[in-house]
Amino acid sequence: MIWSLFGLSFLNILWSFLACCFLVALCVHNIWSKYETCRLYVVFQDLIRYGKTKTNLKREKWLRVFDVPKRWFWHFYAISVCWNGFLLVINLNLIFQHQLHLSWLSGISDILSVVSSTDNQVPQLSTLMVQLLLWIHSLRRLLECLCVSVFSNGSMNLVQYVFGLAYYIILGLTVLFSDHGVKGSGSLLPQMDWFHVAGFGLFAAASLLQHQSTVLLAKLRMGKSGTVETLAYSIPKGGWFELVSCPHYFAELLIYMSLSLVLGGLSLTWWLVVLYVLFNQALAAQLCHDFYVSKYESYPKHRKAFIPFVF
């Protein structure tokens with residue numbers, strides 16, 4: 001492929017492009033606010049907003065045709081659990097049974113990646129751990145969507161829905177192919193290093209933070225008996241909600257950073273994924289924060305949108 005001539009991979013280009021798109025969206029969504037009657041502005045906002053952040057958007061009827069329920073978020077994680085579980089099994093067979101990748105998967109690898117230099121190759125244990133942690137993360141989020149979260153009647157655009165389905169498929173391939181070769185063979189235990197332990201620790205802490213924040217959001221719509229009493233929005237309180245409007249989005253960023261740490265910080269491709277998640281979650285958090293500030297006059301002024309004390 002032409003990009004391989006420059007030492008790049010399709011995955012590098014893809015994640016860089018997505019990160020730039022969300023950075024631009026983050027920068028311009030407020031600038032366009034004075035053109036809220038412009039059709040292009042409305043379409044743009046419809047594509048970056050979902051759930052409660054769409055409630056005050058003045059949309060034409062033709063745009064509502066493309067609405068799907070936000071509660072379909074669980075589809076993303078169901079796809080991720082199945083697909084990334086499949087890729088994990090394939091990698092386990094490669095490592096322990098010395099079975100080659102399926103022919104069609106090898107073809108995808110040739111398209112998506114380039115041969116890595118030995119300096120940038122990550123240990124086999126790192127790739128395997130990231131696959132396992134990503135699968136655990138997806139399974140937890142699936143269970144939270146089905147058993148914990150209380151979704152309103154909010155919607156998202158069909159384009160967002162399709163993008164979300166494709167996202168976890170590409171993400172799994174990114175873990176598997178971001179480095180065409182890996183260092184280490186045979187026993188995995190001798191490959192253990194400090195960054196594996198540190199990365200797992202950060203992953204566990206960030207996952208706990210995200211789960212606690214999800215529970216607090218769900219309780220806003222539940223009574224003391226634990227039954228759903230309302231689907232209305234209210235000001236989140238407790239935990240890290242005292243610092244930021246969206247601690248669950250901040251936790252998502254920390255989870256992806258923890259996976260980069262598990263990779264030893266050696267995968268450029270995964271750092272581009274982290275950059276994409278940073279801008280994506282920052283945009284979502286800013287939109288939620290703006291919603292709370294505009295809806296509630298008593299909303300705490302000291303709260304940031306995304307990163308405590310920073311943004």
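1. Lining of the largest cavity. By class, the residues that line the largest cavity of this predicted model divide into six nonpolar, two polar and three charged. The lining is made up of I48, R49, Y50, G51, K52, T53, K70, Y249, A284, L287 and C288, and helix 10 provides the largest share of it, with three residues. The volume of the largest cavity is about 70 Å³, and the count of cavities of 30 Å³ or more comes to two.

2. The largest pocket. The space in the largest pocket amounts to about 1400 Å³, and of the 49 residues that line this pocket, those closest to its centre are Y50, F73, Y249, Q281 and A284. Y50, Y249 and A284 are also found in the lining of the largest cavity.

3. Helices around the pocket. Which helix gives the most to the lining of the largest pocket? Helix 10 does, with seven residues. At least two residues of the lining are supplied by each of helix 1 (10–28), helix 2 (39–48), helix 4 (73–96), helix 7, helix 8, helix 9 (247–262) and helix 10 (268–295).

4. Overall make-up of the chain. The protein chain has 10 helices and two strands, and when read from the N terminus its elements follow the order α-α-α-β-α-α-α-β-α-α-α-α. Of its 311 residues, 50% count as buried. Where contacts join residues at least 6 apart in sequence, 79% of them are between residues at least 24 apart.

5. Helix 7. This helix covers residues 158–177, which is 20 residues, and from its first C-alpha to its last it reaches 29 Å, close to the 28 Å expected at 1.5 Å a residue. At the start of helix 7, a side-chain oxygen of N157 comes to within 2.8 Å of the backbone nitrogen of V159. The buried residues of the helix include Q160, Y161, G164, Y167 and Y168, and among them too are L171, G172, L173, T174, V175, L176 and F177.

6. H196 in helix 8. H196 belongs to helix 8, which spans residues 194–219, and its side chain reaches the backbone nitrogen of D193 at 2.9 Å. Is H196 buried or exposed? H196 counts as buried because its relative accessible area is 1%, which is under the 20% cut-off. Leaving aside residues up to four places away in sequence, H196 touches L125, S126, M129, Q191 and V262.

7. L143 in helix 6. L143 is part of helix 6, residues 124–147, and it counts as partly exposed because its relative accessibility is 45%, a value between the cut-offs of 20% and 50%. L143 and A78 stand 65 residues apart in sequence, while the distance between them in space is 9.4 Å from C-alpha to C-alpha.

8. F309 after helix 10. F309 is located in the segment that follows helix 10, and its phi is near 70°, which is a positive value in a residue other than glycine. Most residues other than glycine have a negative phi. F309 counts as exposed because its relative accessibility is 70%, which is over the 50% cut-off.

Key: Residues are numbered from 1 along each chain as its sequence is written. This is a predicted model: local features need pLDDT of at least 70, side-chain atom pairs count only at pLDDT 80 or more; totals for chains, interfaces and linings use all residues. Side-chain values use heavy atoms; hydrogens and water are left out. Helices (H or I, at least four residues) and strands (E, at least two) are DSSP runs, numbered from the N terminus. Buried means under 20% relative accessible area, exposed over 50%, partly exposed in between (1.4 Å probe, protein chains only). A polar contact is a pair of N or O atoms within 3.5 Å; within protein, one must be able to donate a hydrogen and the other to accept it, and residues adjacent in sequence count only if both atoms are side-chain atoms. Contact means heavy atoms within 4.5 Å. The expected span of a helix is 1.5 Å times one less than its number of residues. On a 1 Å grid over the protein atoms alone, a cavity is a set of points where a 1.4 Å probe fits but cannot get out, and a pocket is an open set with protein on both sides within 12 Å along at least five of seven lines; lining residues have an atom within 4 Å of a point. Grid points are joined across faces, edges and corners, and a volume is the space filled by probe spheres set on the points. Ala, Val, Leu, Ile, Met, Phe, Trp, Tyr, Cys and Pro count as nonpolar, Asp, Glu, Lys and Arg as charged, and the others, Gly among them, as polar.
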